[in-house]
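Colleague: I am new to this one. Could you show me how to read a few of its features?

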Amino acid sequence: MSRRLALLSLAAPFAVATRAEAQAPSFPTRPITLVVAFPAGGSSDVTARILADGMSRDLGQPVVVENRPGGATVVGTMAVVQAPKDGYTLLFASTSALTTNPHLYQNLPYKVSDFQPVSLVAVAPWIIAISLTVPARNLREFVDYARQRPGQLNYHTYGPGTGADLFASMVLASTGIRAEPIVYRGEAPALTALSTGEIQFMPASISGALIEQHKAGRIRIIAVADAARSPAAPDLPTFAEQGFTGLEANSWFGIAAPAGTPAPVVARLQRAVAAAIAMPEVRNRIDATGFTAQSSSTEELARIIDEHSRLWGGVISRLGIRLQL
């Protein structure tokens, strides 16, 4: 065989591969489903729909939000675990689904390793808001007031093991406050209870509704649980600024795909999230909810999941909470 023929024969497989790659359809070629494991209308649903709009524009295909609430986010989460590993069914992941549930539930039907992190979407610090019936202007005054009334104050929770409940436990342990939880099924009724004085304080993830009520003078947000002040409300002081250290925690939203989704598909989805977050109208709409829009690499989201798992896992272990679905 001549040298020229030998070189052509070696090049032939690469030429075939190149032609096949060029002929293969690029991802995506049809609509993508973004599963939200919460009911419609809440902060997760609103944020997911804003992001989906931006991703659709970048990907050239619709990104359709599908609400699958129930079972402490397990119903929606399992819908993604059981979906094909092709990038067309994604989870709008949250703190509860991937960082607290694995520590809370003995019979959880999925593992964190069942997911491939794609990108962070938004973060929001936890805050403490108080009723105007409480004569306190800041965190120190509130803590002194509450300590003088052990067991007499009520606070809001969504139930044992929920984010608000876990953050409340952190605050109570750190400040020495003794108070009673009252369960509410949503932010709206809890805010009403706070504004009327039915409850005296509210541990919550910062939101547009809370900020609006604070600015309107109906409630008072007295502390933000973050290392720095929230861009959504830069006038609000942190716990550390007021002398209470070790109380840094936030909630987050992100995108995750079923583990085993091809790496090129994951990379394309990550770029679509980053492109959407970079759109001013998308970023501004997410920021208006109280969350701060923020994309990330897949590795950064994996690190966040691990860090939050260790944080909340430690809280859950100290509280001795073990639940059954």
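Modeller: Start with a pair of helices. α6 and α11 are roughly perpendicular to each other, because angles from 65 to 115 degrees count as such. Keep in mind that this is a predicted model.

Colleague: How is such a pair described in general?

Modeller: Two packed helices are described by the angle between their axes and the distance between those axes. Here, α6 (residues 163–175) and α11 (residues 298–319) pack at about 75°, with axes 10 Å apart.

Colleague: Which residues make the contact between α6 and α11?

Modeller: From α6 come Leu166, Phe167, Ser169 and Met170. From α11 come Trp312, Val315, Ile316 and Leu319. By class, this contact of α6 with α11 has seven nonpolar residues, one polar and no charged.

Colleague: How should I read the spacing of residues along a helix?

Modeller: An α-helix has 3.6 residues a turn, so residues three or four places apart point the same way.

Colleague: How far does α6 reach from its first C-alpha to its last?

Modeller: α6 reaches 18 Å with its 13 residues. That is close to the 18 Å expected at 1.5 Å a residue. After α6 comes Gly176, whose phi is positive, near 80°.

Colleague: How many of the residues of α6 are buried?

Modeller: In α6, 10 of the 13 are buried, so this helix is largely enclosed by the rest of the structure. Among the buried ones are Ala164, Asp165, Val171 and Thr175. Leu166, Phe167, Ser169 and Met170 are buried too, and these four belong to the contact with α11.

Colleague: Now another helix pair. At what angle do α9 and α10 pack?

Modeller: α9 (residues 263–278) and α10 (residues 280–287) pack at about 80°, and their axes are 5 Å apart. α9 and α10 are therefore roughly perpendicular to each other. Ala276, Ile277 and Ala278 of α9 meet Pro280, Val282, Arg283 and Ile286 of α10. In the contact of α9 with α10, six residues are nonpolar, none is polar and one is charged.

Colleague: And a strand? Is β7 mostly covered or uncovered?

Modeller: Strand β7 (residues 201–205) is mostly covered, with five of its five residues buried. Check each face in turn. Phe201, Pro203 and Ser205 lie on one side, Met202 and Ala204 on the other, and all are buried.

Colleague: Which strand pairs with β7, and in what sense?

Modeller: β4 (residues 115–131) pairs with β7 in the antiparallel sense, over five bridges. For a place to look, find Ile128, which stands opposite Pro203 in β7.

Notes
Residues numbered from 1 in each chain as written. Predicted model: local features only at pLDDT ≥ 70, side-chain atom pairs only at ≥ 80, totals over all residues. Heavy atoms only, no water. Axes fitted to C-alpha atoms, helices over the stretch in contact; angles between N-to-C directions. Helix = DSSP H or I, 4+ residues; strand = E, 2+ residues; numbered from the N terminus. Parallel < 35°, antiparallel > 145°, perpendicular 65-115°, else oblique. Contact = heavy atoms within 4.5 Å. Nonpolar A, V, L, I, M, F, W, Y, C, P; charged D, E, K, R; others polar. Buried < 20%, exposed > 50% of the residue type's maximum accessible area, 1.4 Å probe, protein only. Pairing = 2+ DSSP bridges. Expected span 1.5 Å × (residues − 1).
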